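Subject: Structure handover

Hello,

Here is the structure I promised to pass on. Please open it and keep it in view while you read the notes below.

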Amino acid sequence: QVQFVESGGGLVQPGGSLRLSCAASGSIVSITIMDWYRQAPGKQREFVARILSTGSTNYADSVKGRFTISRDNAKNTVYLQMSSLKPEDTAVYYCKDFFSSGWGQGTQVTVSS
């Protein structure tokens, strides 16, 4: 089973940008659906973005127009480009194969002045 490691989080000011990476331990070519989720303190984990093997994407309304999900099959990596960040984007971000039950450790994103 392919494992994923998220990275790229950090502290950023409101309005800033970050790019998160989700590196796979093996090939992601056959993974048809890759998702990003996030979990803010005291809240349930929520869906953020999805990319299919076809390249089709969809987003939660809260991030639409600000976040972009992409995948590089040659690098076995999925990305989440985040811009115009808001304090309410503060959370631990996770990537996930839709058909897998496992979760990685996530990467912390904190948006604060």
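I will start with one residue. Arg-66 sits in the loop between S6 and S7. Keep in mind that this is a predicted model.

Is Arg-66 buried or exposed? Its relative accessibility is 11%, so Arg-66 counts as buried. The cut-off for buried is under 20%.

What does the side chain of Arg-66 reach? Another is the side chain of Asp-89, in a polar contact at 2.7 Å. Now set aside the neighbours within four places in sequence. Arg-66 is then in contact with Gln-81, Met-82, Ser-83, Ser-84, Leu-85, Lys-86 and Asp-89.

Next, Thr-90. Look for Thr-90 in the loop between strand S8 (77-82) and strand S9 (91-97). Thr-90 has a relative accessible area of 18%, so it is buried too, given the cut-off of under 20%. The side chain of Thr-90 reaches two backbone atoms that I would like you to find. The backbone oxygen of Pro-87 is at 2.9 Å. The backbone nitrogen of Val-111 is also at 2.9 Å. Leave out residues up to four places away in sequence, and Thr-90 touches Ala-40, Pro-41, Gln-108, Val-109, Thr-110 and Val-111.

Val-111 leads us to the sheet. Val-111, in S10, is the bridge partner of Val-12. S2 and strand S10 (residues 107-111) run parallel, and three bridges join them.

In what order do the strands of the open sheet lie? There are six, in the order S2-S10-S9-S4-S5-S6, and the pairing is mixed. Strand S2 (10-12) and strand S6 (57-59) are the edges, since each pairs on one side only. From one strand to the next, the twist averages 20°.

- S4 and S5: strand S4 (residues 33-39) runs antiparallel to strand S5 (residues 46-52), with six bridges between them. Met-34 stands opposite Ile-51 in S5. The hairpin has six residues between the strands, and Gly-42 takes a positive phi near 75°.
- S5 and S6: these strands are antiparallel as well, joined by three bridges. Here Ile-51 stands opposite Thr-57 in S6. Four residues lie between the strands of this hairpin, and Gly-55 takes a positive phi near 100°.

Last, the core. Which residues of the largest nonpolar core touch the most other members? They are Trp-36, Leu-80, Met-82 and Tyr-93, out of 28 residues. Strand S3 (18-24), S4, S5, strand S7 (67-72), S8, S9 and S10 each supply at least two residues of this core. S3 gives the largest share, four residues.

Residues up to four places away in sequence are not counted here. Leu-80 touches Leu-18, Arg-19, Leu-20, Trp-36, Val-48, Ala-49, Phe-67, Thr-68, Ile-69 and Tyr-93. Trp-36 and Tyr-93 in that list are also among the core residues that touch the most other members.

Best wishes

Key. Residues are numbered from 1 along each chain as its sequence is written. This is a predicted model: local features need pLDDT of at least 70, side-chain atom pairs count only at pLDDT 80 or more; totals for chains, interfaces and linings use all residues. Side-chain values use heavy atoms; hydrogens and water are left out. Two strands pair if DSSP finds at least two bridges between them. Axes are lines fitted to C-alpha atoms, for helices over the stretch in contact, and angles run from 0 to 180 degrees between N-to-C directions. Buried means under 20% relative accessible area, exposed over 50%, partly exposed in between (1.4 Å probe, protein chains only). A polar contact is a pair of N or O atoms within 3.5 Å; within protein, one must be able to donate a hydrogen and the other to accept it, and residues adjacent in sequence count only if both atoms are side-chain atoms. Contact means heavy atoms within 4.5 Å. A nonpolar core is a set of buried Ala, Val, Leu, Ile, Met, Phe, Trp, Tyr and Cys residues joined through side-chain atoms within 4.5 Å.
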